[in-house]
Each structure stands twice: as structure tokens, then as C-alpha cells.
There are 2 protein chains.
Amino acid sequence: MTAQRLSGKPVADEIRARTAQLVAGLNRDGFSARLAVVLATRNEATTWYVRSIERAAAAQGVECQVLELPDGTQAQLTATIEALNGDEAVHGIILQTPVPSGVDAAALVQLIDPTKDIDGANPLSLGRLTVGQPAFAPATARSVIEILEHYRIPLAGHHVAVVGRSAVVGKPLAQLLLQRDATVSICHSQTAELPEFTKTAAVTVMAVGRANLLTAHEVADSSVVIDVGTNVDDDGQLVGDVHTASVQPKVRALSPVPGGVGTVTTALLLLHTVQAATKVCQTIMWRGESMSTRR
Amino acid sequence: MTAQRLSGKPVADEIRARTAQLVAGLNRDGFSARLAVVLATRNEATTWYVRSIERAAAAQGVECQVLELPDGTQAQLTATIEALNGDEAVHGIILQTPVPSGVDAAALVQLIDPTKDIDGANPLSLGRLTVGQPAFAPATARSVIEILEHYRIPLAGHHVAVVGRSAVVGKPLAQLLLQRDATVSICHSQTAELPEFTKTAAVTVMAVGRANLLTAHEVADSSVVIDVGTNVDDDGQLVGDVHTASVQPKVRALSPVPGGVGTVTTALLLLHTVQAATKVCQTIMWRGESMSTRR
């Protein structure tokens with residue numbers, strides 16, 4: 001027996017269909033959505049990633065504006081983000097990391113208008129998410145939820161072990177899971193007895209960044225495992241945090257690396273952008289409506 | 001055998017001593033700390049609570065300014081909080097709940113300057129806490145940590161079960177525990193198998209608001225239990241979420257209600273206010289210093 005493969009592809013397809021529908025609505029009303037990506041460094045990995053966002057945006061009819069500021073200073077990057085906040089034609093803003101040394105990235109993401117913070121980078125977005133107010137979650141954290149919901153994995157009342165406590169995956173994911181009434185345990189490098197959690201969890205999410213960390217010894221037969229890790233092994237291959245060879249034959253379902261969560265994130269960034277644009281468009285339309293009523 | 005009693009009194013005493021030391025430092029430099037409490041409703045419980053803060057502040061040499069705006073409108077309360085943000089003599093701001101019906105409390109707490117948000121009410125404070133940036137935690141959540149640290153209960157690597165997921169206790173407490181390298185499980189009303197968590201946890205924190213919810217059946221002998229519940233029983237007595245009669249003889253240590261967490265919170269609100277004032281004072285002193293150097 002082998003685990004059901006929780007592939008990201010159909011999940012991303014479904015998200016792209018939702019995005020397309022919203023884009024059609026925007027276009028009908030004479031609007032279009034625009035994502036701005038601020039790129040403050042020049043390296044192969046980030047350049048490749050930003051190009052992939054541009055291609056995906058083009059395919060969905062979303063404008064993508066890349067602002068290249070290699071070796072940008074704090075003041076330049078601050079001015080750039082503030083200009084994007086003030087630009088009504090821009091609906092989503094991403095500050096691509098890493099930033100040049102000496103630049104305080106934390107101070108920059110706090111400037112991003114929460115209504116345009118489509119990758120949930122501003123701590124205010126995370127705080128709002130935590131208290132249950134409307135906010136965008138980081139796309140990677142949200143991707144895990146999209147996969148679980150697409151494959152109808154029940155969450156309410158169930159124990160979900162989140163392994164990893166980063167601000168971009170583990171912590172926001174815990175909030176998204178609590179919103180869905182899961183019981184959430186947050187494990188990490190200092191957890192004394194990891195199997196105590198992963199063996200009793202209905203769902204285990206691995207988001208640590210250590211290749212092959214989760215083996216068959218740490219999971220129950222009935223469990224669902226979502227791999228969020230992105231590590232490069234000795235052969236230069238992309239591998240997750242799950243030791244696939246031993247875990248896959250054992251568990252009920254597994255979302256693999258590659259082909260899982262990573263497939264979904266870019267689609268979600270675009271969906272978030274288009275959602276933000278739709279909200280702006282509705283506000284403008286509503287204002288227009290009430291003005292014409294007044295006439 | 002009976003559990004060690006984790007009383008709040010010595011913890012509060014210790015906090016008051018820290019506050020007194022900071023107040024002495026402020027006074028030496030010609031400064032004083034001021035807490036502003038915005039009171040938008042008139043009822044016995046809140047009036048009593050605000051009076052108790054005033055008394056505690058007076059005892060510590062902290063100024064306490066109560067702004068009574070019963071039936072205050074959104075606009076009035078907004079203007080009040082903005083004025084307090086802008087007032088350099090005010091170092092801490094509390095918006096006392098409940099607010100009048102029709103007033104959006106969430107919109108108001110988001111206005112509180114994070115550097116003056118000494119009860120961690122602004123979601124930005126919670127977000128900053130979550131990503132590890134300086135921020136004040138809600139006093140009740142922080143009180144639990146103060147009790148655990150005072151009695152030297154080890155947290156790093158240990159499993160702490162937090163029962164309750166409110167924005168003022170459970171959720172910020174989970175972040176404070178993660179900061180201290182605990183493995184945290186967050187349980188709540190929808191948790192299918194609560195004992196699965198509370199029986200395996202080294203520490204269980206009850207913050208649900210249901211009298212006698214945790215009984216001896218749900219705890220391990222070696223565990224430490226912190227009761228944060230405040231419920232009124234049929235006889236009008238204040239009782240916690242822990243069924244004390246059965247749990248106390250079984251567990252290793254118990255922080256009781258009354259006499260535990262509740263004893264610590266007001267002391268912490270004042271410590272936070274004085275910490276905020278000290279930071280402002282140091283900035284002013286430093287500016288003065290650099291100005292005199294320039295001469």
C-alpha cells in the first residue's frame with residue numbers, strides 16, 4: 001500500500017480558476033489587478049522566482065510590476081514601498097527577500113499597507129489573522145490549508161502537529177488551523193519528544209527545513225503528512241523535510257516535495273492580489289453608485 | 001500529598017519591586033510614569049477594577065489618569081485615544097472593555113500606539129510578539145509566564161498544553177511559551193480528546209472560562225497546572241477552570257483561583273507602564289546628552 005498523493009497541481013488549478021473568475025469581473029467593470037514586486041538584491045534564485053511570478057501573472061491577466069533596486073538603501077526602499085501604498089493602481093505588494101546587508105527588512109514590511117500585504121509579511125497582518133480580523137496570510141501557510149481543504153481532510157476537532165515555528169509558515173499556519181477548529185501543537189528544534197506529537201496527530205505539517213527529518217518511525221499509519229520543506233540534497237535535488245521512501249508506504253496521504261505546497265503558492269499570491277483589487281473596485285463602484293443616487 | 005501552591009502574591013511582590021526600582025530611576029531623572037485608562041461604560045465590575053488599578057498605581061508612585069466617557073461615541077473615543085498617543089506625558093494606555101453598543105472596540109485598540117499599548121490590545125502588538133519583535137503582551141498572558149518563571153518551572157523542550165484560544169490569553173501565551181522553547185499545544189472547546197494533551201503535558205494552563213472543567217482524570221501526577229479561569233459559581237464565589245478539590249491532591253503544583261494569576265496582572269500593567277516611561281526617558285536623556293556634546 002502507498003499513501004494517497006496530495007498533489008498541488010489540481011489545487012493550484014482550482015485557485016487559478018477562482019482568480020480567472022475575479023479577473024473577468026474586474027475587467028467587465030473596467031479595472032485590472034496589479035502586483036508590485038520590490039527586488040532589492042540580484043541573485044539567481046530570487047531572479048528566477050520573480051520571473052516565475054511574472055509569467056504566472058501574465059497567464060492570468062494580472063499586471064506585474066517588478067521594481068529592481070539592487071543595493072537599494074533603507075531610504076530608497078522605504079520611499080518605494082510608500083509610493084506603492086499610495087498608488088491606487090497597485091493592489092498587491094511583495095518585498096522580495098533577501099534585502100542588501102544593512103537594510104532592516106522588518107522595518108520595511110511594517111510599512112506595507114495591510115490591504116496590499118498579499119503575502120502577509122507585515123506583523124499587523126499576522127496579528128489581525130490571530131485575532132480573527134480580515135488579513136492576508138503568508139501564501140505558503142495558506143497553501144497548506146488549500147491542499148487540506150481541496151482533499152477534504154477533516155480539521156475541526158482533530159490534532160494537527162505543526163513542526164516548525166517560523167513567522168512565514170508555522171506560526172501563521174497555526175492560526176489558520178485554529179480558525180478551522182483544529183487542535184494545534186507547535187513543535188520545533190527544541191521539542192524533546194517529537195514522535196509524541198507526530199504519532200498522535202491526524203495531520204502532520206513539516207516546515208523545518210531539514211531534509212529527511214520525518215521518518216516512518218515518527219508517523220502513525222492513519223496520518224496525513226504535508227511537506228513544506230525545501231532543501232537541496234547532496235545531488236542538488238530539491239527535497240522536503242519528509243523521508244519519502246519510508247513515510248510514503250506507511251501513511252494515509254502525503255503531499256510531496258516537489259509537486260505539493262510549492263506548486264500552490266504563486267497561484268495564491270495572484271488570487272490574493274485579485275481579491276485585494278476586487279475589494280478596491282467594489283468600494284469605488286459603491287461610491288459611484290451612491291453618488292449617482294444622489295443626483 | 002497535596003500540590004505545591006503557586007501563589008501569585010510573591011510573584012506580584014517581585015514585580016512591584018522591579019517597578020519601584022524603575023520608578024526611582026525615573027524620579028531621579030526628573031520624570032514620572034503615567035497610565036491612562038479610558039472608561040467608556042459605567043458598571044460596577046469595571047468601576048471596581050479601574051479603582052483597583054488607581055490604588056495600585058498610587059501605591060507605586062505611578063500617575064493614573066482615568067478618562068470617563070460613558071456612552072462615548074466612536075468619534076469621541078477615537079479622538080481621546082489619539083490625544084493620548086500624542087501626549088508625551090502619557091506612557092501607557094488601556095481601553096477598558098466593554099464599550100457602549102455600536103462602538104467598534106477593535107477599531108479603537110488598533111489606534112493605540114504600540115509603544116503605549118501596555119496591555120497588548122492592538123493586533124500589531126500581538127503580531128510583533130509573534131515574529132519576535134519588542135511588544136507588550138496582554139498582562140494576563142504575561143502573568144502566567146511570570147508565575148512559571150518565579151517558581152522555576154522548566155519550559156524549554158517541555159510540552160505545555162494551553163486550553164483556551166482567546167486573543168487576550170491563549171494565543172499570546174502560546175507565543176510567549178514558544179519564545180521560551182516550550183512545545184505548545186493549543187486546545188479549545190472543539191478539541192476532541194482534551195486528556196490526550198493535558199495528561200501528557202508537563203504544564204497545563206486553563207484559560208477557558210468554564211468552572212471545574214479540568215478534573216483529576218485529565219491530569220498527570222507530575223504535572224503543573226496554572227488556572228487562569230475566572231468564573232462565578234452558584235454561591236457567587238470566584239472559581240477557576242480547575243476542579244481544585246480533585247486536582248490539588250493529585251498534581252505536582254497548582255496556581256489557584258483566587259490567589260494566582262489574577263493577583264499578578266495589575267502589577268504587570270504598572271511594570272509595563274514604567275518600562276514604557278523608562279524607554280521614553282532614556283531617549284530624551286540621550287538626545288539631551290548628544291545636544292550638550294554638540295555645544
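What share of the 295 residues in chain A is buried? Buried residues make up 49% of them. This is a predicted model. Chain A contains 10 helices and 11 strands. Its radius of gyration is 20 Å, close to the 19 Å that the globule rule gives for 295 residues, so chain A is as compact as a globular protein of that length.

**Overall layout of chain A**

- Along the principal axes, the C-alpha atoms of chain A fill a box of roughly 70 × 45 × 35 Å.
- Chain A has a domain 1, spanning 31–113, and a domain 2, spanning 139–262.
- The C-alpha centres of these two domains of chain A lie 29 Å apart.
- Take the contacts in chain A between residues at least 6 apart in sequence: 69% of them join residues at least 24 apart.

**Where chain A meets chain B**

- Here 27 residues of chain A are in contact with 28 residues of chain B.
- Three elements of chain A each supply at least two residues to the side that touches chain B: α5 (123–131), α7 (170–179) and β6 (183–187).
- α5(A) gives the most, with seven residues.
- By type, the residues on this side of chain A are 12 nonpolar, 10 polar and five charged.
- Strands also pair across the two chains: β6(A) runs antiparallel to β6 (residues 183–187) of chain B, over three bridges.
- Within that pairing, Ser185(A) has Ser185(B) as its bridge partner.

**Helix α5 of chain A**

- Is α5(A) enclosed or open? Nine of its nine residues are buried, so α5(A) is largely enclosed by the rest of the structure.
- Among the buried residues are Leu124(A), Leu126(A), Leu129(A) and Val131(A), but also Arg128(A) and Thr130(A).
- The cover over these buried residues comes from both chains: it includes α7 of chain A, along with α5 (123–131) and α7 (170–179) of chain B.
- Gly132(A) follows α5(A), and its phi is positive, near 90°.

**The nonpolar core**

- In soluble globular proteins, nonpolar side chains tend to be buried together.
- The largest nonpolar core in this model has 179 residues.
- Which residues touch the most other members of this core? They are Val160(A), Val162(A) and Val205(A), together with Val160(B), Val162(B) and Val205(B).
- Val162(A) shows what such contacts look like. Leaving aside neighbours within four places in sequence, Val162(A) is in contact with residues including Leu173(A), Ala174(A), Val184(A), Ile186(A) and Val205(A).
- Other contacts of Val162(A) include Gly170(A), Cys187(A) and Ala207(A).

Methods
Residues numbered from 1 in each chain as written. Chains lettered and ligands numbered in written order. Predicted model: local features only at pLDDT ≥ 70, side-chain atom pairs only at ≥ 80, totals over all residues. Helix = DSSP H or I, 4+ residues; strand = E, 2+ residues; numbered from the N terminus. Rg over C-alpha atoms; globule rule 2.2 N^0.38 Å. Buried ≥ 20, exposed ≤ 12 C-beta atoms within 10 Å, placed from the backbone. Contact = placed C-beta atoms within 7 Å. Nonpolar A, V, L, I, M, F, W, Y, C, P; charged D, E, K, R; others polar. Pairing = 2+ DSSP bridges. Domains from an automatic or database assignment. Core = buried A, V, L, I, M, F, W, Y, C linked by C-beta atoms within 7 Å.
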